[in-house]
Amino acid sequence: MNTDPISDYLTRLRNAIRANHKVVEIPASNEKRAITKILFEKGYILNYKFVDDVHPKMIKIALKYHPTTKQSAITTLERASRPGLRKYAGVNELPSVLNGLGIAIISTSKGMMTDKEAKAQNVGGEVVCYIS
């Protein structure tokens with residue numbers, strides 16, 4: 001039983017990047033699927049696949065590295081809101097990561113989205129994590 005599945009997701013990604021793995025497998029949930037889609041859309045991961053025919057359902061993520069320097073596209077993964085201390089932000093207080101070079105993933109009433117998308121849709125919510 002995992003008390004914080006999002007932290008587990010971020011830790012598995014972080015560990016796979018540090019070990020220079022090409023693919024990482026993570027147990028699936030709807031929140032993790034939404035975060036994975038955002039990471040793919042923003043170019044932080046190479047590809048992903050949802051494997052629903054096994055138990056537990058899994059997400060296979062192909063990590064993205066620079067072809068010559070072998071440096072990962074993701075440099076930092078940081079959990080913002082956690083079960084012991086939730087962090088919420090209104091539309092005017094949404095965080096900016098590295099002056100707009102990184103992203104903050106926000107869980108809103110309209111679903112998971114980046115900080116820029118939340119500002120554009122004029123919604124606030126729970127600040128899930130920071131990625132750069």
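Here is a walk through this predicted model, from the whole chain down to single residues. Residues are numbered from 1 along each chain as its sequence is written. Because the model is predicted, local features need pLDDT of at least 70 and side-chain atom pairs count only at pLDDT 80 or more, while totals for chains, interfaces and linings use all residues; side-chain values use heavy atoms, with hydrogens and water left out.

Let's start with the whole chain. It has three helices and eight strands, where helices (H or I, at least four residues) and strands (E, at least two) are DSSP runs numbered from the N terminus. Read along the sequence, they follow the pattern α-β-α-β-β-β-β-β-β-α-β. The C-alpha atoms fill a box of roughly 40 × 35 × 25 Å along the principal axes.

Next comes a sheet. Three strands form an open sheet in the order S1-S3-S2, with antiparallel pairing; two strands pair if DSSP finds at least two bridges between them. Its edge strands are S1 (23–27) and S2 (45–51), each pairing on one side only. Neighbouring strands are turned by 20° against each other on average, direction ignored; axes here are lines fitted to C-alpha atoms, for helices over the stretch in contact, and angles run from 0 to 180 degrees between N-to-C directions. S1 and S3 (residues 58–63) pair over five bridges, and methionine 58 in S3 is the bridge partner of proline 27.

Two helices meet this sheet. Helix H1 (residues 5–18) packs on the sheet and touches S1 and S3, its direction making about 165° with that of S1. Helix H2 (residues 30–41) lies across S1, S2 and S3, running at about 150° to S2. Contact means heavy atoms within 4.5 Å.

What do single residues in these helices touch? Tyrosine 9 is found in H1 and is buried, with a relative accessible area of 0%. Not counting residues up to four places away in sequence, tyrosine 9 touches Ile26, Lys32, Ile35, Thr36, Leu39 and Ile61. Arginine 33 lies in H2 and is also buried, at 17%. With the same exclusion of residues up to four places away, arginine 33 touches Ala28, Phe50, Asp52, Lys57 and Ile59.

Finally, look inside. In soluble globular proteins, nonpolar side chains tend to be buried together. The largest nonpolar core has 25 residues, and those with the most contacts inside it are Leu13, Ile61, Ile105 and Ile131. Such a core is a set of buried Ala, Val, Leu, Ile, Met, Phe, Trp, Tyr and Cys residues joined through side-chain atoms within 4.5 Å. H1, S1, H2, S3, strand S6 (103–108) and strand S8 (125–131) each give two or more residues to this core, and the largest share, six residues, comes from H1. Apart from this core lies another, of 10 residues, among them Leu94, Met113, Val123 and Val127.

Definitions and conventions. Buried < 20%, exposed > 50% of the residue type's maximum accessible area, 1.4 Å probe, protein only.
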